[in-house]
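Here is a brisk report on one protein model.

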Amino acid sequence: MTPDKAAGGDMTKGATSTGAVPTVTEWPEWHPDGTPDSHRSLARYVSVQALWDLDLLEHQAHRWEGRPLELLEQLYTRLRRKNIPYNKSPWSARAQQRVRDPQEVDRSSGTCLDLTLMLAAMCEAAGLRPYVTVLEDHALLLVHTDPAAADDELSRPPVTPVPDHERGVFRTYGQRLRVTGGTAVDPVHACHGVDADFATACRSATAQLEGEHDTVRMVDVVALHATGDEDVRPLPVVRDESRAAIHRRLPPRPPFVEFGGRGKLVGDLHEAAARGGTVVLHGPQGVGKSMLAHHLAARAGEGRGWFLEAFDQRTLTASLGDAEIDERGLSGQARDSGDRSQYAALALERLSATKAPWVVVLDNVEVEPEELHLPRATTAGQLVVVTTTRPEPGGTTDSASPDERAVHHIDVAPLCPEDAGGLLDAADAPLKLLEGRPLLLEASARLLRTTGLAWWRSPAAQPDTVEEVPAAIWSAMTGGPDGTADGPLRDPAARDRRLATAMAWLPPSALSPALLALALAGDGPPHEGDGPPHEGDGPPHEGDGPPHEVAAGLDRLHDLGLVDFTGGRATMHRLFRGAVQDHSARHAGADTAVLVGTVYRNLFDATHTARPVPAERTVLASPFDLVLVTREVKRVADLLAGAPSGPDAFRDLHALGVLVQRQDTEAATYCFHRALERADADGGAGAGAEWRVMRSDCLRGRARAVHNARGASPWGTVGEAVAWAVEARNLCDVPGAGLPERLAASRAEAMHGLLIRKQARAEGLSARERLELLREAEPLLRRSAAERARLTDADSPDVDRSRFNLAGLEVALAQVDPSVPPRAHLDAAEAHYEAVLRIRQQRYHTRHLEEVITCVNGLALVNFYRAVLQDDLTPAVRVQYLMAALRHAREALEVRQSLVVSVEGNVLKSLDVLAKAALARLDAQQLVRDATRAPDASERLYRVYRTESGDGRFTPAPQERERS
C-alpha cells in the first residue's frame, strides 16, 4: 500500500544537502484558533526537506512493500535512535505554539507536536499516509497500515465512526473513536528518558485516542500537500547561519510610560542600544531602571531576550543556567545539583557563538559589573543591559577590544517634579520625600485610588527618608504599628496579606498564580488555642485556593500598589519585599516562620524525585526554578530556625537546603547547619525513614562543604567531616531500608570515601601513607558506585559522578599500588572516563564544556601513565601512548582556553599533562633511536617549563586570572 506522493513531499534517493532548496531564518509560530484553517496550516510544518542530513529518511522504503506496519516501526526506531529529549513545556491545542524545525529538535528537544510533525514527514517521505492528530493537550500520529486498504479508505483517517471533514481536516466532537485499519503512535515514547519500544508507543497512543475528548482533529497531510496551496506548502529549511540564538521571550511588564522629562534619557538609551554592546543603567532603587531595561530589551534583538536576576556571580550563574535549560526545553526533567553551572557555561557559549541578534538583561546587579562573567556582545543587534544601584564609575569605558563592543554607562535620574506630580495627583502628596521615584509614586497613587488611603496623612507613618517609605506604605495597609487602624490588609489571617507575605519571602522572580497556589497549599490561617479557627479563616489546611482564586488576590494586591500583576505573572519589588519581610519577622515571627516553612516545603515536595507530583511539575518542574540570593537564603533560614518547637522547622530547613543546593552550596550548607542545630534543640532523634534521610542529607551536605573547600573550611575539619559522613551513612543503612534510604546511604558512603581521598592528597605524606589512605577509600567508593548503579538509571548523575570518582581513584592507585600492575588500574580508569564522557556528551550534546572535556583530560592522564608506569612496553609503543596523551591533552587545552569562562586551574592541568607528555616523548623517542642512552633529556626541560609556568608565561594575564 503506497498512496500517491504529495507534490514536493518526496526526495531523491541519496540526497543529503540543503544547498539547492529554499531556506528561511526561522519557522513561524502556529496560531490555533479552533477553525479548520488553523489546523490545516499544520501541514506546513510537515517538511521532508527539513529532515535532510538527520539520518531520519528511509531511502529503502521499497523493501517494506506491502508491509506498512513494519515500515512504520522502522521509522519509529530511527527516531528513537536519535535519543531526543522530551520538551515538557505546558501545551494546549488552543494556545499559540512555537514549532521547532527538525534540525533544532535534533540539537535540543521537542514537544509532542514537534515530534509528531517530524514523524509525519518521515512517514510521508516513505510513502505512508500520516494524519497529524491533535487532542486537547497532546499530539500524536495516526497512520494507515492496512496493506489491503482501498483508495477511498486511504482518503479518510483509519478510525470509526468516520469524522466530519472540511478542507483537509477531520474532526470529532465528544465522540469515542476506535482505531481500525491503521496504527496510532505516540512519538514522545521515542524520547530520551522514555525510550519505549514501538508496541508500547502504539498502545499508549491508542489508549489516548480512544479515550474521552471534547475535540479531536486529524490533519490529512498528504492530501493537503497534493493541493499545492500556499498555506499548506511545506516550510523551507532554516539556515544555520541565521538561526535565532535564543527564543525565550521577555517577561510581561506593564506598558512602558514615556515621561516628558525623560525624553533625552530615553533617546540616549535608544542610541546606545542601536550601537550594541553593553549598557549599564545606574540609579537608586525604585527609580525605574528595570522598566527602562525591559523597554530596551523589547525593542532590541527582535524581541528575543533573557531577563535575568544577577545580584552576584552565583545568582547570575543560576539565572543563565535556567535560561539555557528553558531554551533547550529541558525544564520538565529532574536535574543534578551541578547542572545549573554547566548550562550557564553553555548559555554563554551559545551567545558568543552566534551573529544573530539577542538581548540579555542582568537585573539588580549589586557588585561591580566587571566582577561578573558577562555575555559578550560582538555584533550589531546584540545587547547586554545591566541595572545596578552602584554609582557610575569615573572616566570613560566606551572603548572596547576588537572582540567586544563598547560599554556605555548611563545614570537614571529621578522624575522631574512635573512628571512626579502627574503620577501622584494629590495636593498634599509628599513629592519631595518620594524623590521622583516612579515605583513609590505609582504605589502611593494606586493605594489612594483604590482605598482612599493616603499613607502620609497617618500620624504614625512619618518616614524621614525615601528608604523608609515602603515600610510606611505597608504599615498603612496593615493597620499601623499596632495593627488597630483601618487598612485593607489589617487582619493577619487575611488571605491577601498571607499571599503578600509569602511573595515577600519567595525569590524576586515573576511568579504565576499556579505556582503560588502550589506553594501555599495546606497553609491554614493561624489561630491560637484549642478552639476552632475564628470566622473568616476558612477550613483548616484550605490554603489560598486554586490558581484562579490566587489570581484574584494578586489583582487586589496590584490595585493596592504592592505588586505588579501583568501577563499572568506577579512581581514584588525589592523595596516592598524588604519592608514586608522586616514587618512580618518583627511583629509575627512565629506565624511567619510557619507560613514560609509551608511554602518551601511544598515546593520541595512537588519537585523532589522521591515524591513527584506530576500534575504540579508543569508549574515548577526542576529542583528549583526560582533564583535565590545567598544573603536572602540565610535570612529565610534564620526565620525558619525560630519557628515554634516541633519537627516542621527541621523539615522546612532541610527542604530549603535541598532546593538551594542546586544553585549555591554555601547557602545550602548554612541551611543544613541550622537544620541540625534545630533538630538537636528539639531533642535530636526523630522517627521514620523520612526523618533519617533528611538528617543524612544535612550531615552529608555539611561534609561536602568541607570536602569542596580548597583550604581550611569554616564548617569544620576533614576529620569532623568524616565523622558526619559516617553518621549519615549509618542513619540510613538499616535493615529493610527503602530506596530513598539506600540511595542516601550510598551517597554518604561516597562522601566518606572522597574525604579519605582528600586526606591522601595532603602534602608531606609518604608513598606508603598515601597508599594506606587510598586503600581505605577504595572499598567505600566501589560499594557506593555499585549500589547507585543498582538504584538509578544507567545515565543518571549519580552513576556518572560515581564512575568519575572511581576513575580518579584508579589513576592514583596506579602510581602507588605495588600489589597490582599499573595496567589493571589504568584499564579500569580508561573504561570509567570513556563511559562518563559518553553520558555527559549525550546529556549536554557537546564536548565544548568543562564537565565533558575534563573526561578527555582524564584520558590524557591515563595514556601518559601507561607510558611511564608500564615497564613491559617497547619504546615504540611508549611513543604511541604518549602521542595519544598529547592528542587528548591538546583537545582539552584548546577547549578550556576557548571557553567563555575559562578556569585557570583547569587550563594549567591540561598544560601540565601536555608538557609532561611531550617531554616524556623526547625520552621515549631517544630510546627508540638509541636504547643505550638514559632518558634524562627531558628533566632539564621540564624544570625550565615549571619555572616559566610559575612565572605566568603559560597562563592568562593577571587581570584575566582575577576575572576567572
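N83 is buried at 15% relative accessibility; buried means under 20% relative accessible area, exposed over 50%, and partly exposed in between, with a 1.4 Å probe and protein chains only. This is a predicted model, where local features need pLDDT of at least 70, side-chain atom pairs count only at pLDDT 80 or more, and totals for chains, interfaces and linings use all residues. Residues are numbered from 1 along each chain as its sequence is written, and side-chain values use heavy atoms, with hydrogens and water left out.

N83 is not a glycine, yet its phi is positive, at about 55°. N83 sits in the loop between α2 (68–81) and α3 (102–107). Helices (H or I, at least four residues) and strands (E, at least two) are DSSP runs, numbered from the N terminus. N364 also has a positive phi, near 65°, and is a residue other than glycine. N364 lies in strand β13 (residues 358–365). N364 is buried, with a relative accessible area of 12%. Most residues other than glycine have a negative phi, and most peptide bonds are trans. The bond from T160 to P161 is cis, with omega near -5°. P161 belongs to the loop between β4 (159–160) and β5 (164–166).

## The parallel sheet

Five strands make an open sheet in the order β12-β13-β14-β11-β15, with parallel pairing. Two strands pair if DSSP finds at least two bridges between them. β12 and β15 (407–411) are the edges, each with a single partner strand, so one side of each has no neighbour in the sheet. The twist averages 15° from one strand to the next. Axes here are lines fitted to C-alpha atoms, for helices over the stretch in contact, and angles run from 0 to 180 degrees between N-to-C directions.

Take β13. Eight of its eight residues are buried, so the strand is largely enclosed by the rest of the structure. Strand β12 (residues 305–309) pairs with β13 in the parallel sense over five bridges, and G305 stands opposite V359 in β13. On to β14 (residues 382–388): β13 pairs with this strand in the parallel sense over six bridges. V365 stands opposite T388 in β14. Strand β11 (residues 277–282) and β15 are also a parallel pair, over five bridges. There H282 faces D411 in β15. Helix α9 (residues 289–299) packs on the sheet and touches β11, β12, β13 and β14; contact means heavy atoms within 4.5 Å. The direction of α9 makes about 175° with that of β14. Helix α10 (residues 313–327) lies across β12 and β13, at about 145° to β12.

## The antiparallel sheet

Six strands form an open sheet in the order β5-β6-β9-β2-β3-β8, with antiparallel pairing. Its edge strands are β5 and β8 (182–185), and each pairs on one side only. Neighbouring strands are turned by 25° against each other on average, direction ignored.

β3 (residues 139–144) and β8 share four bridges in the antiparallel sense. L142 stands opposite A184 in β8. Helix α4 (residues 112–125) packs on this sheet, touching β2 (130–134), β3 and β8. The direction of α4 makes about 20° with that of β3.

## A helix end

A353 is in helix α11 (residues 339–353). A353 is exposed, with a relative accessible area of 66%.

## Cavities

How many cavities of 30 Å³ or more does a search of the whole structure find? It finds four. On a 1 Å grid over the protein atoms alone, a cavity is a set of points where a 1.4 Å probe fits but cannot get out, and lining residues have an atom within 4 Å of a point. Grid points are joined across faces, edges and corners, and a volume is the space filled by probe spheres set on the points.

The largest cavity holds about 60 Å³. Its lining includes W505, R577, Y600 and E632. α19 (574–587) and α22 (630–641) each supply at least two lining residues. The largest share, three residues, comes from α22.

## Cysteines

The model has zero disulfides, a disulfide being a pair of cysteine sulfur atoms within 2.5 Å. C698 is buried, with a relative accessible area of 0%. C732 is buried too, at 1%.

Notes. On a 1 Å grid over the protein atoms alone, a cavity is a set of points where a 1.4 Å probe fits but cannot get out, and a pocket is an open set with protein on both sides within 12 Å along at least five of seven lines; lining residues have an atom within 4 Å of a point.
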